[in-house]
Amino acid sequence: MRSAKPVDVIVQLSTPPARTARLLAAARGGSLSDADAKAAVTKSHDKFRSALEDMFPAAKDKDRHTARTTNAVRLHRSYTHSFDGVSLSVPGNRVADLLKQDGVTAVWPDTEVKAFADHKAVSAVADSDQQTSTDDTDADAVARLHGEGITGKGVKIGVIDTGIDYHHPDLKGVYAGGYDFVDDDDPMETTYADWKASGQAETNQGSVYYTEHGTHVAGIIAGRGDTGKERAAHGVAPDARVYAYRALGPYGRGTTGDILAAMDKAADDGMDVVNMSLGASINDPLSPQSLAADNLVLAGVTTVIAAGNSGPGTGTLGTPGAAALPLTVGARDAPLTLPSYTLSVGSTKAEGRLLATPYGDALDELATGDHAVTDVGTGTAAGYTGKDVTGQAVLIKRGGITLDEKVKRAQSKGATAVLLANDNAEEGHIPVYLGESPNYVPTFSLTATDGAALAAADGRVSFTPAGTFRLGDGSLADFSSRGPVYGTAAIKPEVTAPGVSVLSSVPADIVDPAGRDYTYAYARLSGTSMATPYVAGTAALMLQHDPKLTPDGVKTAMMNTATALPGDVSVFEEGAGAVDPYAAVHTLTTVDVPSTTPYVSLDGTESELPQNTGALDFGVQPLGRKARVTRTLRVVNDSGKPITYEVKTTFTRGSGSSGDAPAAHVTLSAGDKISVGAHGKRSLRAALAVPSSAPAGYYEGHLTLTPVSGTGVAAVRVPFGLRVAKSGFDTIDITKSVLSTGRATAEGAVGGGTASFNLKMAGQLRSIDIFLADAHGKDIGYVGGLNTTGLTEGVLYGPATVGAWYFPFTGEKGTPIDPRGRWMTDGHYKLRIVGTDAQGGADTELRARPARWTAPSRSAPPRRPPP
C-alpha cells in the first residue's frame, strides 16, 4: 500500500494463547506451566507495544480522533485467550513495516463479518399427500429431556451476535450479562430508536439497521416461553445462563476485530458453550477467526458455529465455520402442517396453500365473504400505480423482489389477501412458509397454471377451508453451506439441525416501533443461524447431564447419534446427519476417531494437536499414485453389559457428484465384528486403499456399527470422505520478466516496474511462496507470498506482481531470514515459486528465464514498496 490513509488490521503475535501453548508443549513431549504460558503472552504484548512506540513516536500522545487523521497508530483491542494479537489502525503505507517487527507473524485485514440469517431463505419441500399433524419429533426429544430434569441448568452459554433484547419476557429470566464490543456500552440489540437517531438508511444491501438476530438465536437456545402457547420462544436449554457478547452492530454487521474480542472475553468469562451464528463467506480454516475458534475449543469451550447460507454449491462453507475443531452446523427443514384453501372465482377453482399470515383471526374473517381481485404484476411499487386495492385481494407473480417484500407492500396498500403465483411451472406450489407477522396479510401460494387461470377469470374470489398440507420432510435446506473444507477436504458441517422457518423471540420494536408491547414479538427466520443455537442448546443439555464431557466428546456423541437426512445427501453436505438431542444425551456407545489436527503456531512452527471427532477424514490423496491410509477408531461401551457389533462399510455417491468407489476399486476395510466389554473400550482399525488408477474426485460413505448382542443400544454411523486430486501447479507463465526498482527501461517501467506472472493450480494449495534465486538457481532470499484461499484449481489467475524488494537468507538458525530486507542489485535472477498443500506437500517451479533488474537512480532514492 502506498497511501497514508488509515487501514484497520489484525496483527498476529508469535506466542500462542496460554492454553494452546501448554497443549503444544505436551504434544512435543514437554510441559509448560499455566503461569509461564500466560507470562509469555503478556511479554509478547509488551514487546509489541514498545515496537509500536518506536514506529510511531507520537502515537502515545495522540487521542483517538487525531490518530484517525494523522500518520499515527490507533490500538483498538488486545487478544490473549482465544487469539494472541491486536487490532489497530495504521497508515496503509506502514503496514509492511509491521511485518518487520520481531514477534509479528502475520498482518490480516480487519474484514467485515455478518449474521447468517436470511428472510429470503425460507424454503422446504411440500408434500400434499401426507395430511398429518405437525411433526414434533424435534420438540418431543427436547421435551422428554426437560421431563427428566435435563434443562441446561448450571451451563453458561455465550452468544456472540447482534446483542439480546434482555427485556423480552421469554429471555429476561435467562440473561446473565454480557459485553458490548460495538459501542462499549450495552449488549442490547441495535434499536429502532437508534436508527431514528442515526440519520442512516433504514436498509442497506438487504439488511435493516435495527437488529433482531441475537434475540432470535437466544430464544432458540434458552427461551422460557409458555409451553402451552405456540407463539412463544421454546428454548432447548431454558435453565442455562445466557451471556450476550454484542459484536455485530447496525445492519447485523461487524468486524473481525470485534469477533476476536468477543471470543477472547467468552473464554475469560468461563463460558461452557459459545454460539456463533455469523461469519464471512470465505472457506478458510486458517483465517484469524478460524484460528481463534480452534483456540477457544482448546481452552475447553464447546464452540458451535454456523456453516453459512451460501449453498447449495460445493465448498461454500464460511469462516470461522471452516475451522477444524469447533462443531459446525448446517440447516434442514422441520415438517410443518399448514392449512389449505380452495380459491374460487366464478367457475374457476384453485388450491391456495398458506404462505404467510398476520396474527389473530384474519383467516377466519377472510372465509366469510368474497373479495375483488386486482393484478399488480410482481408486486413492486410500479405494479400498484393508479390502483386502489383497499379491501381487495391482489394477484402477484413471483420474481423480481423478495416474497417478504411483496406481502408487506400489499399490506401497506390496504389489501386483504395476496394470491402469489409461482413463476416456476415445474416446481408446483411455492415451497415456502414465511410465517406470522403483524405486517402480513393472509397470503396463499398458487401454481403457475392456477395463477394464470385466476388472472384470466372474471369475478370476485372466495376462500373455503380445504384441509391441510405438509411442508417439509426434514431435508437439507437449499441455502445451507456445504463442505468440504478448502485444502483439507475435511467433512464439514458435522451435523444439521432445524433452520427453516424457525419461530423464536425478537425485540419488541421489530413489530412495535415504540418497543413496549411484546405480545407479538416473535418471528420465523431461516438460516444456519437458526440451526446453530439448537445445537448449542443441545450441547448445554449434554454438559448438564455429564459435566466431564469435553468439546470433542460433545461433538462425537452428537455425530454418532445423528440420523440420516431424506434423499441422497453427501457427507460433505450433512456431516453425520440430523442431531437427535435425546439420543446424544443418553447414548451408551461412542465411536470416536483419535487423530491430530495440523496447527501452525503463530511463530510459523507446524505442530500436530490431538483431537477426537466422529468422522473419518482421509484428506486429499494424490492422483495417479497408490495410497494406503490406516485410521484407528475407539469404540466405547458405557453400558453395563458386553456388546458385539457388526461392522460394515458402505460407499455412496452422495448427492450424485462423488465418485463410484467400487468401479474405481477404492476400498475401506474394518473387519466384520468387534466385541466390547461392559464399561470397556476397544480399538478398530480402518484401512483405506486407493489404487493408482482411481479417477480424480471425491469418495464418501459410512462405517456403521450395529449391535448384534445387548439391548437398548442403537447403531452408530461414522461418515468418511476423501478426495483424489492433483496437487501443485498446472501452469506458471511469466508474463513480464523485467523488473526495475526505478524506471530506467521502457519494459521495466510497465506496471510500475514490477514483474508479473499468471498461474493455474492443478490442486488446492494452502499457500504460494516466492523466493529469489541467483542465475545458477541458488536461493538467496524471500520475496513474498500469495493467499490462495478461495482459488479454484483449473482456473488461470493473474497477473501476480513481484517487486524488487526481498528479504535475504542469513544462514543463521535463529533468524534464517533478515527482516530488514533490501533492494535487488543489477543482475540476472530466477524466481522459485513454491506451492504448499494442506498436508505439507510442496510443488516447486524454478523459472529459468533470466530477469534483469535495473537499480534505482542514485540521485532519487526510491521509496520501499510493500513486499
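Predicted model: local features only at pLDDT ≥ 70, side-chain atom pairs only at ≥ 80, totals over all residues.
**Aromatic pairs**

The structure holds 15 aromatic pairs. One of them joins Trp195 and Tyr210: the ring centres are 5.9 Å apart and the planes meet at 50°, so the pair is tilted. The angle falls between the limits of 30 degrees for stacked and 60 for edge-to-face. Trp195 is buried at a relative accessible area of 13%, and Tyr210 is buried with a value of 13%.

A second pair is formed by Trp805 and Trp823. Its geometry is edge-to-face, with 5.3 Å centre to centre and 90° between the planes. Trp805 comes from strand 45 (residues 805-808) and Trp823 from strand 46 (residues 822-823), 18 residues apart. Trp805 counts as buried, at 10% relative accessibility.

Rings can also group. Tyr192, Trp195 and Tyr210 are linked by ring pairs into a cluster.

**Charges over rings**

Arg94 lies over the face of Phe56, 4.7 Å from the ring centre. Arg144 places its charged end over the ring of Tyr582, at 3.7 Å from the centre.

**Strand 13**

In a regular strand the side chains alternate between the two faces of the sheet. Strand 13 (residues 273-276) shows Val273 and Asn275 pointing one way, with Val274 and Met276 pointing the other way. All of these residues are buried.

Strand 13 has parallel partners. Four bridges join it to strand 7 (residues 156-161), and the two run parallel. Here Ile157 stands opposite Val273. Four bridges also join strand 13 to strand 15 (residues 302-306), again in parallel. Val274 has Thr303 in strand 15 as its bridge partner.

**Salt bridges**

Side chains of opposite charge can pair when their charged atoms come close. A search of the whole structure finds 21 salt bridges. The table gives examples.

| Pair | N to O distance |
|---|---|
| Arg224 and Asp239 | 3.6 Å |
| Glu405 and Arg409 | 3.4 Å |
| Glu436 and Arg524 | 3.1 Å |

Glu405 and Arg409 share helix 11 (residues 403-412). They are four residues apart, about one turn of the helix. Glu405 is partly exposed, with a relative accessible area of 33%.

The pair of Glu436 and Arg524 links distant parts of the chain. Glu436 is in strand 23 (residues 435-436) and Arg524 in strand 28 (residues 522-525), 88 residues apart. Are these residues buried or exposed? Glu436 is buried, with a relative accessible area of 14%. Arg524 is buried as well, at 11%. Buried here means under 20% relative accessible area, so Glu436 at 14% qualifies.

Salt bridges can also join into a network. Arg77, Asp184 and Asp258 are linked in this way.

Methods: Residues numbered from 1 in each chain as written. Heavy atoms only, no water. Phe/Tyr/Trp six-rings, centres within 6.5 Å; stacked < 30°, edge-to-face > 60°. Buried < 20%, exposed > 50% of the residue type's maximum accessible area, 1.4 Å probe, protein only. Lys NZ or Arg CZ within 6 Å of the ring centre and 35° of its normal. Pairing = 2+ DSSP bridges. Salt bridge = Lys/Arg side-chain N within 4 Å of Asp/Glu carboxyl O.
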